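Visitor: Could you take one chain of this model and look at it closely, then show me how it joins its partner? I would like the cut-offs spelled out as you go.

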Amino acid sequence: MDTIMLVKAKATFFRVLKVASYLLSFPLLLYVIYGDAKTLSGYGVTAASGMSAFKLIALCFLGVAALQVVIGFVLRKKDFFVRALTAAVAASAVVVIPVLGIEIGIKKDFDLLRTQYAEDGGYDFERYEKQLTDYIGLAASHDKALNGFMGKYNLSGTNGTTKGGNLDRTPTAAASDPKGIFLKGYADYGHYIFGEAVGGTYSMNGLYADGFIFGYNQAQYILNTYHNIRNTYAAMGLDADAALESALTALELDGSAWKEYQKTEEYLRANGDAPAVGEGEQKILIGDREYDVYRMFAGHYYLTPDEVKEMLNTLTGYIAGAPVTGDIVAIIEGLNGLIGLNLSDEILDILRNYRDLDYDAFMEILDNLAIDIGGQTLNEALILQYISDYSFYQSPTSYPKIFFIKNGALRDYAYAKYLGTKHGAFVGSVLIGDGVGAVTLDNTKGNAPMSEKELDKLFARIEAEQAYMSEYYPWLAVRSGLIKFGGLVPAGMILAYFFAAAEKKNFYRLIAKGGKA
Amino acid sequence: MKKTSVLKIIAYLLGFPVIAAYAVYKSVPAFTLNSTYKPFVFAGLFLLILVAILYFTASLVTGSLVQKKKTAQTARRCTAVMVTLSVVLTAGVWFAIDKVVPPILSNATQNILGYDDFKEDYDEKARVHSELLAGFIDMNIANGRLSPENADLYRLQGYGNKDVKNLIEQSYNSLNNDGYNSFNGMLLSLADGSRLTIPVLIHLLFDERDDPSTAFPGYTGEGRGDADKDAPIKWSILDIQEGTMTFSLDLSAFNAGNYDGLIKWLLPALFGEDGMVEELLKAVEAAVADEDLLGSPIYVDIDYSADTVTVSLTPSSASRGVYDFKNMSFLNSNHLLVAVISLFPIRNAFYIFGAFLTLSTLVVGMLRQKQYANKKGGAKS
């Protein structure tokens, strides 16, 4: 006869085993799947979907737990073995059915997609069997490639970000929800929005809002358009840039749509003469709000040649007035004729009269010096060109010149080039040129661009992988967990019932003894 | 009977007093560093006292109830109430504060500082924010906006001094209205988001802005006489951004054609000890300060060595007695920040020793039951 102590100990022993067995079934499995699902959620490509399949499986298992309660009640008169078997069968179904579903359904879809991409998309991705074991590594590699591209070109998210609207405070809208702000086109030129399909935040004239930073989708669209049209022209033995140049030259002819458009009120409001005093009060209704006409004048947002001249005059004035300037002039004069320095009498004259130094005199010196910067001569035209390049402002309230290019493909090319260079330079995401990404004072050269071939390969890969990774990988995580630990589920469950029965038996013995030895 | 009373006292001492002692001990650096921010620096202490009053009032009430009713049931119920209260007053109150304070903090710091920056690093934050005030006072004694005669008084009284307090507020308002808010918000957010491109910088420097209108008092630098010592200032973007901007130009690829030899020979000579470049730069600086250019001085420093020209541009904010906008808005909200900082030692004490309080409350409850309850269970009926 066992003592009470021993019976108690036995009951406890079986209780511990019961709990341990149960933990070996669903809890362990869910824990394993959760780990992989969590890892997937950490990668961009599977961030949104990473936990989805796990949640579904966890829900099924909760269903089984609920079923166990029902079984326990309905079959309470039956032997524990019947209950154990019923629960184990239900658990097995939850384990086996998803694996079979994944094995048959996903593999079929996947193989189809793979063939399709190999044929159309020109991208060959790893076989299903290879992906089964390496899906986490492949998701990580996808992320790395994507982030490398995003970082190089300094992009912001998938669909871009809008940091504030326009410099002139005019409204912006999405192409899908125009809020009545877009211009109405001109003559037989309908309103045009570049890259409408990929979205973004647009100004009234159909260009991106000043503060719009490209996301992956916009960058891909712009770069693809740019390279594809270049290639089309090249295939015909033509140069897209030359074609664009001549199209723009043609627009400068009298009577062209662009010339006529420049006479419209719409154009003149933003690009005409500076608003006179009092015009500042004027308001205009755009969409459903009133805007200040004064602020819409583009001239507020760039340096005009006159302003540059005035600034340089101020600067040269101060330099002319500084006592040290005389010393420097004296040194230069003294050196003339030595160390290869041969200044013309003209320059020497200007230098000697340094006290009259002003913008014009300064430019004259430059012309005479003929200083060469990277193949270009430093002169007034080049300086003004640099300044207008850096301080250019396209008014969001009037159409740009490139809007009036008749040839559709060439117009797309012009927009892609404009956005990839000028707009990109402003927001720190240059897409086209020798230096890309954030070209700033700290990084004047920008980053080295990717070649067209590299870009094509990357875009094809990203598109193909995004098509299946986000949808299938969460299931591959479930599958991997089920295959490794699925077998333990029915076994652990049956053991749990067995140990529960054993615990109960000892518990009854305890009661029967009435607490006496 | 007497032994129980002694035990009860010991239990009480191990509860709240331990928390309070730890909290006060941990608060000492913040108290000393920011002593001039009265009463803000004591915000945490006030909260501690408030919690203590609540706790001991509840303790007194339940204690007298147990003493009066003398039933085990009352004693147990009161113990349950006190234990719950101790949890609510420690962890509970701080859970609530952890929810309420972060938005206030982001607001006070223009979303620059978060709650997590303070949680464990409060001593360092107390030091930084005390130095912010000390530095401000020094800058403004140096440029005469605060009278040098009263220098010691200003340093001693700090934020408690009316002149200092007003000067912080006026300086911040000037920088905010005629600086930060006078720029297009989009340009500023690009600049802050590490997208300070050359076009953005040029827009920030040269785009038309509203004329300055907020008085910037007591400044007589840059040739301002007594008549215009309170005149508004048109702050430049360098005043708003953090300190000096430096960039380098690599001249090794630069070829000046026929004059290459001359220029490369001349540059080191000009940068030599005769200080010609420095003299010339003074003229450039004066030009920059002219209304036709920026209207706000930028100090240019050029360093030439090994074919590299390093140009650094320093705004006049420091000589005028202000920090960049970020630090200036910190300083302007310093009293609030100091109050927030003072909460953290208390918060940590409550989180760490909260369990002590619960335990000691339970022990006190059990001792009370033993001491007063002579009837077992049931109602008194």
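Guide: Gladly! Of the 381 residues in chain B, 34% count as buried, where buried means 20 or more other C-beta atoms within 10 Å of a residue's own, 12 or fewer means exposed, anything in between is partly exposed, and C-beta atoms are placed from the backbone. This is a predicted model, in which local features need pLDDT of at least 70 and side-chain atom pairs count only at pLDDT 80 or more, while totals for chains, interfaces and linings use all residues. Residues are numbered from 1 along each chain as its sequence is written, with chains lettered from A and ligands numbered from 1 in the order in which they are written.

Chain B is made of 16 helices and three strands; these are DSSP runs numbered from the N terminus, helices being H or I with at least four residues and strands E with at least two. Its radius of gyration is 31 Å, whereas a compact globule of 381 residues would have one near 21 Å. That radius is taken over C-alpha atoms, and the globule rule is 2.2 Å times the number of residues to the power 0.38. Along the principal axes, the C-alpha atoms of chain B fill a box of roughly 115 × 50 × 40 Å. Among its contacts between residues at least 6 apart in sequence, 73% join residues at least 24 apart, a contact being two C-beta atoms, placed from the backbone, within 7 Å.

Now for the partner. The contact takes 39 residues from chain B and 38 residues from chain A. On the chain A side, helices H10 (305-321), H11 (323-335) and H15 (408-427) each give two or more residues, and H10(A) has the largest share, seven residues.

The largest nonpolar core has 124 residues, and those with the most contacts inside it are Ala219(A), Ile222(A), Val200(B) and Ile341(B). Such a core is a set of buried Ala, Val, Leu, Ile, Met, Phe, Trp, Tyr and Cys residues joined through C-beta atoms within 7 Å. Helix H16 (residues 334-372) of chain B gives the most to this core, with twelve residues. Leaving aside neighbours within four places in sequence, Ile341(B) touches Ala30(B), Phe118(B), Tyr122(B), Lys125(B), Ala126(B) and His129(B).

One chain A residue is worth a stop too: Asp210(A) counts as buried because it has 29 C-beta neighbours inside 10 Å. Asp210(A) sits in the loop between strands E3 (201-202) and E4 (212-213) of chain A, and its contacts beyond four places in sequence include Asn166(A), Phe426(A) and Met186(B).
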